[in-house]
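Please find below a colleague's note on this structure, written for a reader who is new to the subject. The points may be read alongside the sequence and the model.

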Amino acid sequence: MVAGARPNFMKIAPIMRALDQLAEDGCQSISGIKAKIVHTGQHYDDGMSETFFRDLGIPAPDFFLNVGSGSHAVQTTRIMTAFEEICDSERPDWVVVVGDVNSTLACAIVAKKAGIGVAHVEAGLRSRDMTMPEEINRIVTDSISDLFFVTEKSGVDNLLYEGKRSDQIHFVGHVMVDNLLHQMRLLESGDSSRFVVAGMKPTPKTYAFLTLHRPANVDDHHTFAGIAAALNTIAETYPIFFPVHPRTRKQLNVFGIRLSDQITQLPPLGFQESLYLWKDAALVLTDSGGLQEETTALGIPCLTLRDNTERPVTIEEGTNVLAGTTTESILTAYKSFLTGGGKAGRVPELWDGRAAERIVGVLRRQ
Ligand code: UD1
């Protein structure tokens with residue numbers, strides 16, 4: 001089981017829990033499944049990594065590759081070199097990769113060339129935007145995977161269109177939602193006063209929550225400045241809470257972009273602390289893939305600061321609206337939110353908290 005960057009951790013947590021449950025039920029010996037976690041170290045700061053293992057109850061990794069940051073080629077090749085040794089020594093039957101980050105791609109290639117089965121969780125999503133590194137990672141990973149676990153129907157259609165056999169494709173729902181529902185239950189029964197943000201959380205539905213980290217949005221000065229101008233305007237009516245990703249923090253400084261005092265800048269937050277804030281927000285603004293889906297799962301209006309999405313079900317059925325990345329397009333979407341009260345939606349099929357069980361069920365039959 002491979003995880004490397006922040007959005008991967010939410011996806012492996014429910015699968016590890018489902019495997020543990022099997023072991024507790026005495027089924028491990030029947031299934032023969034023994035999972036080991038490889039953490040590539042693509043994300044390494046405590047707030048981007050350790051905190052998530054703790055928060056999400058993931059067992060400590062069996063292997064830590066410590067690859068760190070670098071250009072795409074440097075990061076990907078470091079992961080490949082280190083992961084090859086593990087494949088050689090462990091000879092797993094399957095390598096399970098999740099999502100669309102560089103760790104996903106690197107480990108899928110290594111496993112496949114070592115003759116090991118590759119299972120891709122969150123397979124088949126397509127933005128059709130080849131300027132996104134994640135789109136390249138998704139396409140390459142799916143082109144060599146053997147088993148596909150799919151979160152929404154569009155993923156099934158895409159994979160069939162690309163020539164995959166239907167017996168390789170399993171529409172199982174979404175492990176990200178399994179994790180979300182599990183964490184909601186923990187949050188409701190736990191003590192939130194431990195959160196640093198507890199003292200600053202306003203009345204529900206009176207504020208917005210923002211995440212922003214895509215290279216296309218924050219690495220280009222003109223684009224980032226245009227987004228910031230829209231955010232500063234929105235913050236005049238809805239104060240914004242903004243946990244700042246390390247990439248974005250760096251770019252804010254490089255470009256000298258000024259955000260309004262109504263935008264509270266926070267360090268990266270743990271999963272529960274972040275959920276504690278956004279679950280009661282009037283509106284979420286984001287360019288993250290995961291948050292588009294999580295807001296749909298909880299019925300919170302979401303404006304996605306992108307021109308496209310690989311997760312169309314969040315638009316067709318959920319609460320998500322594509323707001324684009326210019327000042328004008330974002331403010332137009334915001335005005336619709338103000339007049340319409342935010343897009344209503346329904347929870348997509350099989351986003352019921354049981355995707356990991358289904359995945360483990362399929363793996364047991366291999
Ligand atoms: C990566 C993923 C992206 C995912 C995002 C979630 C790829 C191609 N991109 O993007 O799909 O949405 O993670 O966060 O895999 N840094 C730190 N501490 C860390 C990690 C990174 O300070 O723990 C800084 C480094 O300066 C680094 C920069 O953040 O250069 C970007 O990190 P990187 O992993 O390259 O890409 P992300 O933007 O995080």
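1. Basis of the note. This is a predicted model, in which local features need pLDDT of at least 70, side-chain atom pairs count only at pLDDT 80 or more, and totals for chains, interfaces and linings use all residues. Residues are numbered from 1 along each chain as its sequence is written, and side-chain values use heavy atoms, with hydrogens and water left out.

2. Helix 10 and helix 15. Helices (DSSP runs of H or I, at least four residues) and strands (runs of E, at least two) are numbered from the N terminus. Helix 10 (residues 221-237) and helix 15 (residues 327-340) have axes that come within 8 Å and cross at roughly 30 degrees. Helix 10 is therefore roughly parallel to helix 15; angles under 35 degrees count as roughly parallel, over 145 as roughly antiparallel, 65 to 115 as roughly perpendicular and the rest as oblique. The axes are lines fitted to C-alpha atoms, for helices over the stretch in contact, and the angles run from 0 to 180 degrees between N-to-C directions.

3. The residues between these two helices. Contact means heavy atoms within 4.5 Å. On helix 10 the contact is made by Gly226, Ile227, Ala229, Ala230, Thr233, Ile234 and Thr237, and on helix 15 by Thr327, Ile330, Leu331 and Tyr334. Seven of the residues in this contact of helix 10 with helix 15 are nonpolar, four are polar and none is charged. Here Ala, Val, Leu, Ile, Met, Phe, Trp, Tyr, Cys and Pro count as nonpolar, Asp, Glu, Lys and Arg as charged, and the others, Gly among them, as polar.

4. Aromatic rings. The structure holds five aromatic pairs. The rings of Tyr334 and Phe337 have centres 6.0 Å apart and planes at 25 degrees, so this pair is stacked. Rings of Phe, Tyr and Trp (its six-membered ring) pair if their centres lie within 6.5 Å; planes under 30 degrees apart count as stacked, over 60 as edge-to-face and the rest as tilted. Tyr334 and Phe337 are three residues apart in helix 15, and are thus separated by about one helical turn. Together with Tyr238, they form one aromatic cluster. Both Tyr334 and Phe337 are buried (buried means under 20% relative accessible area, exposed over 50%, partly exposed in between, with a 1.4 Å probe and protein chains only).

5. Helix 1 and helix 8. Helix 1 (residues 6-24) packs against helix 8 (residues 175-189) at an angle of about 80 degrees, with the axes 8 Å apart. These two helices are therefore roughly perpendicular to each other. Met10, Lys11, Ala13, Pro14, Ile15 and Arg17 of helix 1 meet Val175, Met176, Asp178, Asn179 and His182 of helix 8. This contact of helix 1 with helix 8 has six nonpolar, two polar and three charged residues.

6. A buried residue. Ile86 lies in helix 4 (residues 72-90) and counts as buried at 10% relative accessibility. Leaving aside neighbours within four places in sequence, Ile86 is in contact with Val38, Phe63, Leu65 and Arg91.

7. Backbone angles. Most residues other than glycine have a negative phi. Asn66 is not a glycine, yet has a positive phi of about 55 degrees. Asn66 is placed in the loop between strand 3 (63-64) and helix 4, and is exposed, with a relative accessible area of 56%.
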